[in-house]
Amino acid sequence: MTAAHAPDSPGRPRPGRAAVKRTIDLVGAAALLLLLAPLLLLAAVAVKADSPGPVLFRQRRTGRYGREFDMLKLRTMHVGAERMRDALGTRNESDGHLFKMREDPRITTTGRWLRRWSLDELPQLVHVLTGRMSLVGPRPLPVRDSDFGYDARRRLLVRPGLTGLWQIGGRSDLGWEEALRLDLEYVRSWSIRKDLAILLRTLPAVARGDGAY
């Protein structure tokens with residue numbers, strides 16, 4: 001098989017397809033930010049009124065090729081929530097690198113509503129515009145590259161996504177191994193068609209609220 005006819009390697013699509021994906025990211029993120037700006041403003045006011053602290057939550061995440069960036073989300077927890085995590089360690093309902101609790105006492109009243117509809121994720125559209133993230137891809141987890149084993153590091157071949165197979169496959173109900181399997185499946189079989197299918201399935205998944213906590 002010649003190089004001209006060789007299939008795309010995982011995470012490295014042909015330049016033409018990569019350009020199409022980037023165009024979809026730019027147009028989609030810009031359109032969503034304009035369309036959802038009033039909702040984002042209302043959500044920001046609700047966050048500020050519900051509990052003291054900043055409207056946005058910043059956390060270091062690992063992006064493509066291991067490059068770190070400060071991911072932005074609407075704050076859904078009380079200030080100091082990360083320091084409280086150690087005290088809640090025995091109540092962790094997930095495994096591996098993930099920490100999840102269905103009734104997490106650190107989450108604010110407004111935060112539960114934002115998480116239910118995934119509205120806390122919307123500020124990440126800014127990262128899609130800047131190229132740190134994509135509309136579709138593996139989930140950007142709050143762990144460093146050095147914490148990953150070989151399989152998990154393969155997730156870093158592509159940009160992390162605002163949505164992905166994990167979003168439509170169960171969100172917080174997924175354990176580490178299942179979430180990792182879905183991420184690697186995406187990296188292996190990435191295509192424009194798959195991205196569009198995931199985007200179309202995201203809204204119904206969010207509306208059902210499966211794994212939203």
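Modeller: Buried means under 20% relative accessible area, exposed over 50%, and partly exposed in between (1.4 Å probe, protein chains only). This is a predicted model: local features need pLDDT of at least 70, side-chain atom pairs count only at pLDDT 80 or more, and totals for chains, interfaces and linings use all residues. Residues are numbered from 1 along each chain as its sequence is written, while side-chain values use heavy atoms, with hydrogens and water left out.

Colleague: Why does Glu185 count as partly exposed?

Modeller: Glu185 has a relative accessibility of 27%. That value falls between 20% and 50%, so the label is partly exposed.

Colleague: What makes Arg181 and Glu185 a salt bridge?

Modeller: The rule asks for a side-chain nitrogen of Lys or Arg within 4 Å of a carboxyl oxygen of Asp or Glu. Arg181 and Glu185 come to 3.3 Å, N to O, so the pair qualifies. Arg181 and Glu185 are 4 residues apart in helix α7, which means about one helical turn between them. Salt bridges with shared partners also join Arg60, Glu68 and Asp70 into one network.

Colleague: How many salt bridges does the rule give?

Modeller: The count is 8. One of them pairs Asp195 with Lys21 at 2.5 Å, N to O. This pair links distant parts of the chain, 174 residues apart: Asp195 sits in helix α8 (residues 192–208) and Lys21 in helix α1. Asp195 and Lys21 are both buried.

Colleague: Why is Asp183 called buried?

Modeller: Asp183 has a relative accessible area of 4%. The limit is under 20%, so Asp183 is buried. Arg155 is buried too, with 4%. Asp183 and Arg155 form a salt bridge, their closest N and O atoms 2.7 Å apart. Asp183 is in helix α7 (residues 176–188), Arg155 in the loop between α5 (150–153) and β4 (161–163).

Colleague: Which residues touch the most other members of the largest nonpolar core?

Modeller: Leu114, Leu125, Leu135, Leu165, Tyr186 and Ile198, out of 29 residues. A nonpolar core is a set of buried Ala, Val, Leu, Ile, Met, Phe, Trp, Tyr and Cys residues joined through side-chain atoms within 4.5 Å. Leu135 is in contact (heavy atoms within 4.5 Å) with residues beyond four places in sequence, including Ile24, Leu125, Val128, Leu162 and Leu199.

Colleague: What makes Leu26, Val27 and Leu129 a nonpolar patch?

Modeller: Patch members need over 30% relative accessible area and no salt bridge; nonpolar side chains (Val, Leu, Ile, Met, Phe, Trp, Tyr) are joined within 5 Å, like charges within 9 Å. Leu26, for one, has 36%, so it passes the area test. Leu26, Val27 and Leu129 have about 230 Å² of accessible area together, by the Shrake-Rupley method with a 1.4 Å probe, only the protein chains shown counting as cover. Leu26 belongs to helix α1 (residues 15–50); helices (H or I, at least four residues) and strands (E, at least two) are DSSP runs, numbered from the N terminus.

Colleague: Where does pLDDT stay under 50?

Modeller: Over residues 1–9. pLDDT is the predictor's confidence in each residue, from 0 to 100. Where pLDDT is low, the predicted coordinates should not be read in detail. The protein averages 83, and 79% of the residues score at least 70.
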